[in-house]
Amino acid sequence: MKCKFFALAAILGGLTLFFWGFIWHAAMPLYESELHEFADAQTVNTVIQQNAAHGNGVYYTAEGAFVAIAFAPDMHSKETDMGTMVPIEIIANVLTALLFAIIIFKTGASGSVMKGAMFMGLLGLTAEIAIEASYWNWYGFSTGFTLLNIVGETLGWFLAGLVISALHLKLNK
């Protein structure tokens, strides 16, 4: 019964995380006011390419610029890489959901579906504040972007906790 629970929890919880992430980041226009395109993208791309000596990665200046770089070698649009990126995201979400299932299984946090969901939501909130507050403080992420990440990820953890807790109760009656 444990193996069935872990397998189903990983798949269903992972799909929950994946589809919630799609809804939060792509289907709702929440980030439009927080993500800004450079005014002269071609010039910026050229300057970054000329100055990013280590290739893709994270770069900064002492004056406060902080940039994550992920150029395609031939400078094609990263949107064409969805066929590679989507499966990687799904695998990461399935692995995350498996770890959620282990937490719920080991702690007994799913005495009820809502209890398990609230427990996972609280863990998500804790993790997100720990990560996002540091990024806001040290790397200058905007307050709006930081809050959107905290809320979105916490809701994702809650929803996955809901699915996994319901599955745990159903399979362990």
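Trp-157 counts as buried, because its relative accessibility is 18%; buried means under 20% relative accessible area, exposed over 50% and partly exposed in between, with a 1.4 Å probe and protein chains only. The model is predicted: local features need pLDDT of at least 70, side-chain atom pairs count only at pLDDT 80 or more, and totals for chains, interfaces and linings use all residues. Residues are numbered from 1 along each chain as its sequence is written, and side-chain values use heavy atoms, with hydrogens and water left out.

**Aromatic pairs**

- The structure holds 12 aromatic pairs; rings of Phe, Tyr and Trp (its six-membered ring) pair if their centres lie within 6.5 Å, and planes under 30 degrees apart count as stacked, over 60 as edge-to-face and the rest as tilted.
- Phe-18 and Phe-19 make an edge-to-face pair, with 5.4 Å centre to centre and 80° between the planes.
- Phe-18 is buried because its relative accessibility is 18%, whereas Phe-19, at 47%, counts as partly exposed.
- Phe-100 and Trp-157 make a tilted pair, with 4.7 Å centre to centre and 50° between the planes.
- This pair links distant parts of the chain, with Phe-100 in helix α3 and Trp-157 in helix α5, 57 residues apart; helices (H or I, at least four residues) are DSSP runs, numbered from the N terminus.
- Ring pairs also join Tyr-31, Phe-66, Tyr-135, Tyr-139, Phe-141 and Phe-145 into a cluster.

**Nonpolar core**

- The largest nonpolar core has 14 residues, and those with the most contacts inside it are Phe-5, Ala-9, Phe-100, Ala-101 and Ile-164.
- Such a core is a set of buried Ala, Val, Leu, Ile, Met, Phe, Trp, Tyr and Cys residues joined through side-chain atoms within 4.5 Å.
- At least two residues of this core come from each of α1 (2–27), α3 (82–107) and α5 (143–171).
- Helix α5 supplies the largest share, 5 residues.
- Phe-100 is buried, because its relative accessibility is 3%.
- Beyond its neighbours within four places in sequence, Phe-100 is in contact (heavy atoms within 4.5 Å) with Leu-17, Met-120, Trp-157, Ala-160 and Ile-164.

**Glu-132**

- Glu-132 lies in helix α4 (residues 113–139) and counts as buried, because its relative accessibility is 8%.
- The side chains of Glu-132 and Asn-149 are joined by a polar contact of 3.3 Å; the term covers a pair of N or O atoms within 3.5 Å, where within protein one must be able to donate a hydrogen and the other to accept it, and residues adjacent in sequence count only if both atoms are side-chain atoms.
- Leaving aside neighbours within four places in sequence, Glu-132 is in contact with Phe-141, Thr-146, Asn-149 and Ile-150.
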